[in-house]
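Welcome! Open the structure, keep the sequence beside it, and try each exercise before you read its solution.

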Amino acid sequence: MCFKELEENFKDHCGIFGIYCPDGKLDVAKITYFGLYALQHRGQESSGIAVNDAGNIIYHKDNGLVNEVFNEVVLNHLKGYSAIGHVRYSTTGKSDRENAQPLVIKYRKGHMALAHNGNLVNAHIIREKLEQEGAIFQTTIDSEVIASLISRNRIKSENIEEAILKTMNEIKGAYSLLILTPNKLIAVRDPYGLRPLVMGKINNSICFASETCALDTIGAEYIRDVEPGEIISVSRNGIRSIKYENGTKHLCVFEFIYFARADSYLEGISVYEIRKRLGKQLCKESYVDCDIVIGVPDSGTTAAIGFAEEASIPFSEGFIKNRYIGRTFIKPEQTQREIAVKIKLNVLKSNVAGKRVVLIDDSIVRGTTSRKIIKMLRDAGASEVHLRISSPPVVFPCYYGIDTPDRKELIAANYSTEEIARILGADSLEYLSLNGLNEVFEGRIHQFCTACFSGEYVTEIPENFNKYILEEGV
């Protein structure tokens, strides 16, 4: 069984990066390393890089942060003219070394490496069918289902792109893919564009990344987003774009609210500006007369700045964040749980003592961390704590690559706003409304996936999906 310790914050599935350098003048492994470093916030459990070396795919991957898995010796061994990389947080599948990506597989017509961001909703159905036909799986992740289908479809296809198109007919859910073959780098995005994927250029090389911040880090120029339902194939023959179908834009709205780095652009939109506008809109809907506005680092900071500007209330730092806690952080025993929060965040008592505080955060999942943070503020002398959330209540789980709990564990699905405020110990609690979220996106909220707020999923969700994930782990 695959169980994870309960955590308050959402986690994204992973981040991906790839580069194709036709003249071989760039050190593609090191560039991929720096690209992954910029995407480390998207996954901290495992890291990996695969490189095409004169038609041979060599790779290195392991559990750990990018700088833990790779060093100069390892990177100097990964020589070639194209590469893909992956950082992972496990949503489906255990956090074991064999589940680290990129996946590298050999099959009848060759070999390839695959990196995947997202989550399939029908992976277990396909996997059972393939296993009945004799397929053997080495991992417990849905990404291997995609790789298995592509390799099977390749046998009866003229080229790898045709095999990918056939695979897209079978898989349902969220997927941004980077596929490395002996002579191509291929980027694929699902027909709804649920997970992000952007395209850039550095010198005469083409690169792809989950976010533009990775392009900025390596000095690449942003070209455009990969379109929903698009396959982009890069080889010595140039760049070829193939459309599986005319996709519809439904990028996960939480990319803007929480997941993406604030300096990234998605669909040409500044993440920072959206978060600031979320704070301003939140203030318009739920102003409260207080002395200072503070944000929960780092996810609530930008929205807090927007709220403070709109309210004409001073923005102040309320917490100091320990930025040296990685995946190896040892959580205290049950009797010392409050230490876990205090190690990550410590209150600036001089800023909050005797003050009426507006506390801004991006979301509430179970409410466990919010309750502890509010208690810390009160213990530091805050006279009032008013909690404001820069997104609507999360009342439905996500099935597209974000680690959310079952609905019975989502506090907003089981209690009223007033009840939650009492449970958390806040003087008041208000969320941003769905209409307010639409206002922030200038009436284009229909172009984003908001299923965690509304329950309106863009694909059909199998009835036994949650049960299967908990019992087996795709």
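**Exercise 1.** Find how helix H5 and helix H6 cross, and list the residues that make their contact.

*Solution.* 
Step 1. Locate H5 at residues 142-155 and H6 at residues 160-168; helices (H or I, at least four residues) and strands (E, at least two) are DSSP runs, numbered from the N terminus.
Step 2. Compare the axes: they come within 8 Å and cross at roughly 125°. Axes are lines fitted to C-alpha atoms, for helices over the stretch in contact, and angles run from 0 to 180 degrees between N-to-C directions.
Step 3. That angle makes H5 oblique to H6. Angles under 35 degrees count as roughly parallel, over 145 as roughly antiparallel, 65 to 115 as roughly perpendicular and the rest as oblique.
Step 4. The two helices cross in the right-handed sense (left-handed if the near helix is turned anticlockwise from the far one by less than a right angle, right-handed if clockwise).
Step 5. H5 brings Ile146, Leu149, Ile150, Asn153 and Arg154 to the contact, and H6 brings Ile160, Ala163, Ile164, Lys166 and Thr167. Contact means heavy atoms within 4.5 Å.
Step 6. Sorted by class, the contact of H5 with H6 has six nonpolar, two polar and two charged residues. Here Ala, Val, Leu, Ile, Met, Phe, Trp, Tyr, Cys and Pro count as nonpolar, Asp, Glu, Lys and Arg as charged, and the others, Gly among them, as polar.

A word on what you are viewing: this is a predicted model, in which local features need pLDDT of at least 70 and side-chain atom pairs count only at pLDDT 80 or more, while totals for chains, interfaces and linings use all residues. Residues are numbered from 1 along each chain as its sequence is written, and side-chain values use heavy atoms, with hydrogens and water left out.

**Exercise 2.** Describe how H4 packs against H5.

*Solution.* 
Step 1. The axes of H4 and H5 are 10 Å apart, at an angle of about 50°.
Step 2. H4 is therefore oblique to H5.
Step 3. The crossing of H4 and H5 is left-handed.
Step 4. On the H4 side you will find Ala123, Ile126, Arg127 and Leu130, which meet Asp142, Val145, Ser148, Leu149 and Arg152 in H5.
Step 5. The contact of H4 with H5 divides into five nonpolar, one polar and three charged residues.

**Exercise 3.** Which residue meets Glu133 in a salt bridge, and where do the two lie?

*Solution.* 
Step 1. The partner is Arg152, at 2.9 Å from N to O. A salt bridge is a side-chain nitrogen of Lys or Arg within 4 Å of a carboxyl oxygen of Asp or Glu.
Step 2. Glu133 sits in the loop between helix H4 (123-132) and H5, while Arg152 belongs to helix H5; the two are 19 residues apart and link distant parts of the chain.
Step 3. The structure holds 24 salt bridges.

**Exercise 4.** Work out the strand order of the six-stranded sheet and find the helices that pack on it.

*Solution.* 
Step 1. The sheet is open, with order E5-E6-E7-E8-E12-E13 and antiparallel pairing. Two strands pair if DSSP finds at least two bridges between them.
Step 2. E5 (103-107) and E13 (238-243) are the edge strands, each with a single partner, so one side of each has no neighbour in the sheet.
Step 3. On average, neighbouring strands of this sheet are turned by 20° against each other, direction ignored.
Step 4. Eight bridges pair E6 (residues 110-120) with E7 (residues 173-180) in the antiparallel sense, and Asn119 stands opposite Ala174 in E7.
Step 5. H5 packs on the sheet and touches E5, E6 and E7, its direction making about 135° with that of E6.
Step 6. H6 lies across E5, E6, E7, E8 (185-189), E12 (230-235) and E13, and runs at about 20° to E8.
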